[in-house]
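Trainee: Hi! Could we go through this one together and talk about what the side chains are doing?
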Amino acid sequence: SDKPEDVLKRMHGDQPRLATNPLFKRVKDFNQFETSARAFVDSAALVKVAASRGKDFDNLMKDLGLDGLKSLVFYSGFDDEAERGLVEWEMPGPRKGLLTLLNGKPFTLADVPPLPPDVISWSMTNLDSGSVYDSGLKAAEDVAAIADPEEAPNFKAFAKAADEALGVDLRKDLLDSLGDKVATYTSPSEGPLSLGQTVMVKVKDAKKLQDALDQAVKGLGKALNADVTLRKRMYHGVEMREVQVAQQGFIFVPSYVIYKDWLVAAPYPQQVQGYILRAKGEMAAWKPDERTKKSLDALPKEFISVSYSDPRPSVKEILSIAPLIAGSVNSFTPDSKFEVGSLPNAQEASEHLFPNVSATTDDGTTLRLETRASLQLPFDVTGLDAYAVFGFFTIFRAAMQ
């Protein structure tokens, strides 16, 4: 929308140039590995712009702790056979709000709980659940104060009503009983269609947490006016819980156990049973293969977050299903000229892939995320085959009617 003469005046004037920006110089001089992309974001300037919209926005930025963000730089490229990424987010202390969520003592791979041997993806991170609750509640109040000031005071009343309905103090009884580490994983042998997702949280006070969870489940059933039964089951000498909901269409049996300082929760009891057996040493647990060890050895040994994902199963599933989908499209779409034979063989396409690993470290001033990967996928498509088969028969049935 600027006038051409104003643009030309700026181009040839004495205004500061991009090349003199300290962040530009920083990314320009980077030489740790070959890059295909470099970028920077002046986070402090963005926060300042947001805060300038008014006092309410300024308070929101401060309560969220976003006023502590300074800058973010990003590098993506290659190191030998690995795709490599590096993100550095400068956020010097003292931190507050959302920036405190990852605070905690660094850990190592030895601290990761036992995972299934066939795990496709898993992650573990420092996370203070109590701080998440406090920051989330405060942020909701601030957003409400901007969007609808009359509704802002109702958030605290809502939190109190939730505590009364559940019969527990969510903050003091439940969240304060949790530790500062959260792990999640997906295993195809423990659930199809991505239902093998399991959540694990470190526990500080097992007895207090068990009582709070049991009461919360019962209170939730009453609050929803649902027929909910909490069943205690002994499994290999360990007492676990199954939540049975007598509701047509509800196909899950949410289950959980607190064992060896970990709360493990999943959609079905089989995932919880698997953890118990691995924790007791009665079943094998995941161990990194030689290729994964090589990648992990190139990353820091201590971190506040670590993740692993194997793209090979997903790539194989996509490419093994692709001919079925392509053939179906050709069959029901006469004008389609797609050649099914042009699709690559699944084994060939995944032959040189290996697991992706990443680690996040924090030196008190900068959050640093390092990644080494063979192929970064935007999401986990485990179980896609079942969806494809279902879709195929849906199309076939529709065509026959």
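Mentor: Happy to. Let's start with a term: a salt bridge is a side-chain nitrogen of Lys or Arg within 4 Å of a carboxyl oxygen of Asp or Glu. Keep in mind that this is a predicted model, where local features need pLDDT of at least 70 and side-chain atom pairs count only at pLDDT 80 or more, while totals for chains, interfaces and linings use all residues. Residues are numbered from 1 along each chain as its sequence is written, and side-chain values use heavy atoms, with hydrogens and water left out.

Trainee: Got it. How many salt bridges does that rule give?
Mentor: The count comes to 21 salt bridges.

Trainee: Which residue does Glu 242 pair with, and how far apart are the closest N and O atoms?
Mentor: Glu 242 pairs with Arg 233, and their closest N and O atoms are 2.6 Å apart.

Trainee: Is Glu 242 buried or exposed?
Mentor: Glu 242 counts as buried, at 4% relative accessibility. Arg 233 is partly exposed, at 28%. The cut-offs are under 20% relative accessible area for buried, over 50% for exposed and partly exposed in between, using a 1.4 Å probe and protein chains only.

Trainee: And which residues do shared partners join into a network?
Mentor: Salt bridges with shared partners link Arg 26, Glu 88, Arg 368 and Glu 370 into one network.

Trainee: What about Lys 207, which residue does it bridge to?
Mentor: Lys 207 bridges to Asp 211, with 2.6 Å between the closest N and O atoms. The two are separated by about one helical turn because they sit 4 residues apart in helix 8 (residues 206-223). Helices here are DSSP runs of H or I with at least four residues, strands are runs of E with at least two, and both are numbered from the N terminus. Lys 207 is exposed at 59%, and Asp 211 is partly exposed at 40%.

Trainee: Switching topic: which residues have the most contacts inside the largest nonpolar core?
Mentor: They are Leu 115, Trp 122, Met 124, Met 200, Val 257, Tyr 275 and Ile 276, in a core of 30 residues. A nonpolar core is a set of buried Ala, Val, Leu, Ile, Met, Phe, Trp, Tyr and Cys residues joined through side-chain atoms within 4.5 Å.

Trainee: Which element gives the largest share of this core?
Mentor: Helix 9 does, with 5 residues.

Trainee: Which residues does Tyr 275 touch?
Mentor: Leaving out residues up to four places away in sequence, Tyr 275 touches Pro 114, Met 200, Val 257, Tyr 259, Lys 260, Trp 262 and Val 264. Contact means heavy atoms within 4.5 Å. Apart from this core lies another one of 18 residues, including Leu 175, Leu 178, Ala 216 and Ile 258.

Trainee: Now the backbone. What is phi at His 236?
Mentor: Phi of His 236 is positive, about 50 degrees, although the residue is not a glycine. His 236 lies in the loop between strand 7 (228-235) and strand 8 (238-245), and is partly exposed at 42%.

Trainee: And what is phi at Asp 261?
Mentor: Asp 261, a residue other than glycine, has a positive phi near 65 degrees. Asp 261 lies in the loop between strand 9 (255-259) and strand 10 (262-266), and is partly exposed at 47% relative accessibility.
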